[in-house]
Amino acid sequence: MSNEWQYKLLKGLSALTCKLSYRTILRIGATLGPLYSLVGKKQKKRGIYNVMKGMDVSEAEASQILEELFKNLGRSALEILYMPNLTKEFITEHIEMHGLKYLDKALAEQRGVVILTAHVGNWEWMGASLAAYGYPSTTIVKKQPNAQVTRLLNEYREMVGLEVFARGGSEMIRAVKAMKQKKLLGFLADQDGYIQGLPVEFLGQESSAVTGPATFAQKFKAPVVPVFTYRKANGIGHVVEILPPLYYEDTGHEAEDLYRLTEATVRVTEEFIRQHPTEWLWFQHRWNTKLHEIVDIDEKLKVRDAVHAKE
């Protein structure tokens, strides 16, 4: 049986949402968001545990952070349905861009730019704002469990000017081509690196870190520019924060050099999350892969020790 009806339902909800004012959808989202915690009790419990570890706070403080997170997720969900209204004028009015000089300087190097980002704030609107400001933006995305949600998201991403690549296969060839064309290539790099990752502690827990940003930086001698977003203090609109670039330093020890840059990407991501804890998905399965499950873990731990010994 076709799931086409799900796509049509989402499109219908989006059309209705787009008829409302921006402030109205934010109010609705903030009301609906916390309702998810009632049905997602496992996610909430997991999130509270991770907040306590990552922020070094009490269970009560962690619970408050999760409550605010669910409000923000509700707002972001409605904002995604609102994406057909994202004109350049709307973006200019509601999204502040900080640190564009870092991005301009990185692009001027003519090697392409690896964009390091995370599931903080409304990352979909962040990508839309970069495209609206004329930056040639591409992104590697993970397919959603529901194909119709993926379909709608990719449609809206392309509508606002983003070029989208799914993980793996021929799509990675297109990602390589994007770098050769001196474009921005975005990585949501705050997820579990699985068995192929590197052992880098993240927010107080041992974890497997993804190596994509460092690998592309090495291959193309390209800068890695951290770009994150967070909601404005009044809740209306966003700030896109562009930070100084990170670079792959070739010391002749490739494994150590890749580890060093990967760890740097994790640290800058971790720091931003700690500054904006109510905006990150604390309940995601970021720490699923245990160290003993990582391929060649003994060798990778030796590399980690060697890097830290040189610091």
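1. At roughly what angle do the axes of helix α1 and helix α9 cross, and within what distance do they come? The axes of helix α1 (residues 4–17) and helix α9 (residues 147–159) cross at roughly 45 degrees and come within 8 Å. Helices (H or I, at least four residues) and strands (E, at least two) are DSSP runs, numbered from the N terminus. Axes are lines fitted to C-alpha atoms, for helices over the stretch in contact, and angles run from 0 to 180 degrees between N-to-C directions. The pair α1 and α9 is therefore oblique; angles under 35 degrees count as roughly parallel, over 145 as roughly antiparallel, 65 to 115 as roughly perpendicular and the rest as oblique.

2. On the basis of the model: this is a predicted model, in which local features need pLDDT of at least 70 and side-chain atom pairs count only at pLDDT 80 or more, while totals for chains, interfaces and linings use all residues. Residues are numbered from 1 along each chain as its sequence is written, and side-chain values use heavy atoms, with hydrogens and water left out.

3. The crossing of α1 and α9 is right-handed. A crossing is left-handed if the near helix is turned anticlockwise from the far one by less than a right angle, and right-handed if clockwise. On the α1 side the contact is made by E4, Q6, Y7, L10, K11 and S14, and on the α9 side by Q148, V149, R151, L152, E155 and Y156; contact means heavy atoms within 4.5 Å. By class, the contact of α1 with α9 has five nonpolar, three polar and four charged residues. Here Ala, Val, Leu, Ile, Met, Phe, Trp, Tyr, Cys and Pro count as nonpolar, Asp, Glu, Lys and Arg as charged, and the others, Gly among them, as polar.

4. From α4, the residues K44, G47, I48, V51 and M52 meet E59, A62, S63, I65, L66, E67 and F70 of α5. The contact of α4 with α5 has seven nonpolar, two polar and three charged residues by class.

5. Helix α11 (residues 212–220) has P213, A214, F216, A217 and F220 as its buried residues. Buried means under 20% relative accessible area, exposed over 50%, partly exposed in between (1.4 Å probe, protein chains only). Viewed down the axis of α11, the buried residues fall within an arc of 165 degrees, so they line one face of the helix; the arc is that of the directions from the helix axis to the C-beta atoms.

6. Several backbone angles deserve attention. Most residues other than glycine have a negative phi. Just after α11, K221 takes a positive phi of about 50 degrees. Q110, which is not a glycine, has a positive phi of about 60 degrees and is placed in the loop between α7 (100–108) and β2 (113–117). D296, likewise not a glycine, has a positive phi of about 55 degrees; D296 lies in the loop between α12 and α13 and counts as exposed at 53% relative accessibility.

7. Is T139 buried or exposed? T139 is buried, because its relative accessible area is 15%. T139 is found in strand β3 (residues 137–141). Its contacts, leaving aside neighbours within four places in sequence, are E163, V164, F165 and G186.

8. R274 lies in α12 (residues 254–275) and is partly exposed, with a relative accessible area of 32%. Leaving aside neighbours within four places in sequence, R274 is in contact with G54, M55, L203 and G204. R260 is also found in α12 and counts as partly exposed at 27% relative accessibility. With neighbours within four places in sequence left aside, R260 is in contact with T251, V307 and K310.

9. A309 lies in helix α13 (residues 297–309) and counts as exposed, because its relative accessibility is 64%. The C-alpha atoms of A309 and E293 are separated by 24 Å, and the two residues are 16 residues apart along the chain.
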